[in-house]
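Hi there,

Here is the structure I promised to pass on to you. Have a look at it first, and then read my notes below.

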Amino acid sequence: MSSNDQNLKGNAGEAVRFDGVTKTFDPDVVALDDVSLSARSGEVVVLLGLSGSGKSTLLRHVDGLQMPTVGNVHVLGVDVPSARPRALRQLRSRIGFVFQQFHLVPTLTVLENVCTGALARLRGPRLGLPTYPRGVREEALSQLDRVGLGDRAFQRAGTLSGGQQQRVAIARAMMQKPEILLADEPVASLDPESSHQVMELIKRVATEENLTVLCSLHQVDLALTWGDRIIGLHTGRVVMDQPVADIDHTEAMSIYARVGAENVAEAVAD
């Protein structure tokens with residue numbers, strides 16, 4: 001077995017590790033500031049923090065869409081900054097991503113949208129649902145049943161509600177057979193009931209598949225209900241990293257209260 005094959009197997013029990021990661025976009029914009037953290041296999045980690053706190057930037061470092069300015073990122077045993085393009089492609093095939101805006105093709109059927117999640121393991125382009133192998137179509141139907149939308153398989157994706165579209169997006173991500181699922185504000189555009197349904201689904205899928213989930217949220221109640229651990233970010237720094245069982249609502253809200261406290265401190269200093 002080559003060293004690269006050994007890397008691709010990952011470290012037992014640890015799916016993601018950040019070691020002293022700083023990301024700057026120019027001298028005046030520090031998106032991540034000396035971030036060190038890890039996520040275990042099968043753990044649902046919720047990232048909490050204000051817009052601009054570094055949550056999305058952190059997620060994009062996990063699949064190598066962005067690279068650290070300083071520090072290192074290890075994902076499933078792969079040293080991401082030093083990985084060659086082929087190794088990065090292999091790593092990304094093991095990571096699913098769910099976005100705030102769903103990114104479905106509205107004119108395609110729900111079933112074909114889900115089938116696109118298998119493209120990384122198929123050769124050649126696919127033009128229409130019949131061009132996908134029968135096994136892929138059956139697998140996609142199974143994933144739709146899993147998210148409660150098997151009866152909508154041949155409906156155009158653009159006719160679904162927001163909550164339904166996000167469930168389709170989760171089914172599509174699961175077609176990759178991922179080991180890690182990244183979710184960037186997956187319920188930001190949904191009503192409270194749909195938000196709970198989507199988060200319950202993410203938690204259930206993570207448990208059934210032993211998936212590591214890193215999910216950015218603004219809703220503290222959802223984080224405390226569905227997460228295993230909360231990592232709080234403020235101006236690119238980790239200001240909280242605790243199991244949900246050890247945090248109450250007031251403590252979780254303190255991640256946001258830091259802004260007001262720091263502004264007051266600055267005013268007094270002036």
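**Salt bridges and a helix**

Arg237 is partly exposed, with a relative accessible area of 48% (buried means under 20%, exposed over 50%, and partly exposed in between, using a 1.4 Å probe and protein chains only). Please keep in mind that this is a predicted model, where local features need pLDDT of at least 70 and side-chain atom pairs count only at pLDDT 80 or more, while totals for chains, interfaces and linings use all residues. Residues are numbered from 1 along each chain as its sequence is written, and side-chain values use heavy atoms, leaving out hydrogens and water.

Arg237 forms a salt bridge with Asp33, their closest N and O atoms being 2.8 Å apart (a salt bridge is a side-chain nitrogen of Lys or Arg within 4 Å of a carboxyl oxygen of Asp or Glu). Asp33 lies in strand S2 and Arg237 in strand S10, so the pair ties together parts 204 residues apart in sequence (strands are DSSP runs of E with at least two residues, helices runs of H or I with at least four, both numbered from the N terminus). Asp33 is partly exposed too, at 24%.

Arg94 has a salt bridge with Glu179, with 2.7 Å between the closest N and O atoms. Here Arg94 is buried, at 13% relative accessibility, whereas Glu179 is partly exposed, at 34%. The whole structure has 17 salt bridges.

Now find helix H3 (residues 85-92): Ala87, Leu88 and Leu91 are buried there. The face turned away from that buried side carries the exposed residues Pro85, Arg86 and Arg89.

Happy exploring!
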